[in-house]
Amino acid sequence: MHPDSASLWESIRATDEQRHRINETLRDGERLLWLGRPKLGTGKQLATWGSLVFAIVFYYFWLAMLWPFFSNVNMQDPPWFDLLLFTAIALLPLSVIASLLPLLWAGRCNVYAVTNRRAIALSRGLFRYRLKAWDAQDYLEITHDKNGTGNIVYECRQTGETTYREGLLDLPDVETVAALVGKAANTE
């Protein structure tokens with residue numbers, strides 16, 4: 001690790017595993033220019049937290065509605081069958097709740113890096129980290145929001161009506177990072 005990158009790591013309070021994963025992907029002659037994390041805008045965070053609260057309230061409502069149907073044990077079926085069926089139906093809404101949790105933890109678990117050659121995104125999945133790296137100049141677009149946040153998009157794919165973007169997303173200061181990406185692209 002270069003001595004000048006120690007302060008970069010301290011500024012984002014990275015874990016040892018995050019440091020190791022980023023450092024092991026660095027090539028010879030490559031050095032870190034910037035490290036950061038995504039910052040969900042207040043609206044996105046509130047929407048995600050609001051969705052989570054709604055999903056939890058709906059989950060308890062769902063259980064309350066199901067309970068009367070399964071509280072009377074039908075003697076024709078084995079008692080364990082009703083319990084199994086109730087459990088399977090009750091766990092259905094938990095999948096929605098589980099899908100919202102990674103969005104809430106993304107800001108704490110994801111690390112972005114810009115080197116003198118590449119842009120790197122390290123994201124935490126359910127069981128492991130996923131690392132994607134792109135040549136700095138290969139970005140598709142840079143988007144700016146009114147509050148100074150934005151995205152540097154490197155990959156875009158369409159699935160039905162949904163567009164999935166990959167890159168350095170939800171950057172708190174996109175202008176600074178875009179300047180560093182431009183500088184990295186010009187040093188090639």
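In this predicted model, strand 6 and strand 7 pair in the antiparallel sense over eight bridges, where strands are DSSP runs of E with at least two residues, helices are runs of H or I with at least four residues, and both are numbered from the N terminus. Two strands count as paired if DSSP finds at least two bridges between them. Within this pair, Val153 stands opposite Gly167 in strand 7.

Because the model is predicted, local features need pLDDT of at least 70 and side-chain atom pairs count only at pLDDT 80 or more, whereas totals for chains, interfaces and linings use all residues. Residues are numbered from 1 along each chain as its sequence is written, and side-chain values use heavy atoms, with hydrogens and water left out.

A second open sheet has four strands in the order 1-2-3-4, again with antiparallel pairing. Strand 1 and strand 4 stand at its edges with a single partner strand each, so one side of each is left without a neighbour in the sheet. Here the twist averages 15° from one strand to the next. Strand 2 (residues 111-115) and strand 3 run antiparallel and are joined by four bridges, and a hairpin connects them through two residues. Strand 3 and strand 4 (residues 129-135) pair in the antiparallel sense over seven bridges. Strand 3 (residues 118-124) is mostly covered, since five of its seven residues are buried, buried meaning under 20% relative accessible area, exposed over 50%, and partly exposed in between, with a 1.4 Å probe and protein chains only. The table gives bridge partners in this sheet.

| Residue | Bridge partner | Strand of the partner |
|---|---|---|
| Val111 | Leu122 | strand 3 |
| Ala113 | Ile120 | strand 3 |
| Leu122 | Leu131 | strand 4 |

Over the whole protein chain there are five helices and seven strands, and the elements follow the pattern α-α-β-α-α-β-β-β-β-β-β-α along the sequence. Of its 188 residues, 36% count as buried. The chain exposes about 12,000 Å², of which carbon and sulfur atoms supply 59%; such areas come from the Shrake-Rupley method with a 1.4 Å probe, and for residues only the protein chains shown count as cover. Among contacts (heavy atoms within 4.5 Å) between residues at least 6 apart in sequence, 55% join residues at least 24 apart.

In soluble globular proteins, nonpolar side chains tend to be buried together. The largest nonpolar core has 20 residues, and those with the most contacts inside it are Val114, Ile152, Leu168, Leu171 and Val177; such a core is a set of buried Ala, Val, Leu, Ile, Met, Phe, Trp, Tyr and Cys residues joined through side-chain atoms within 4.5 Å. Two or more residues each come from strand 1 (32-36), strand 2, strand 3, strand 6 (150-159), strand 7 and helix 5 (174-186). Helix 5 gives the largest share of this core, six residues. Apart from this core lies another, of 13 residues, among them Trp9, Ile22, Ile120 and Tyr129. Leaving aside neighbours within four places in sequence, Leu171 is in contact with Trp34, Tyr112, Gly148, Thr149, Gly150, Ile152 and Val177.

Glu30 is found in the loop between helix 2 (16-25) and strand 1, and is buried with a relative accessible area of 3%. The side chains of Glu30 and Thr115 are joined by a polar contact of 2.6 Å, a polar contact being a pair of N or O atoms within 3.5 Å in which, within protein, one must be able to donate a hydrogen and the other to accept it, while residues adjacent in sequence count only if both atoms are side-chain atoms. Asp170 has its place in strand 7 (residues 162-171), and is buried with a relative accessible area of 17%. The phi of Asp170 is near 55°, a positive value in a residue other than glycine.

Definitions and conventions:
Axes are lines fitted to C-alpha atoms, for helices over the stretch in contact, and angles run from 0 to 180 degrees between N-to-C directions.
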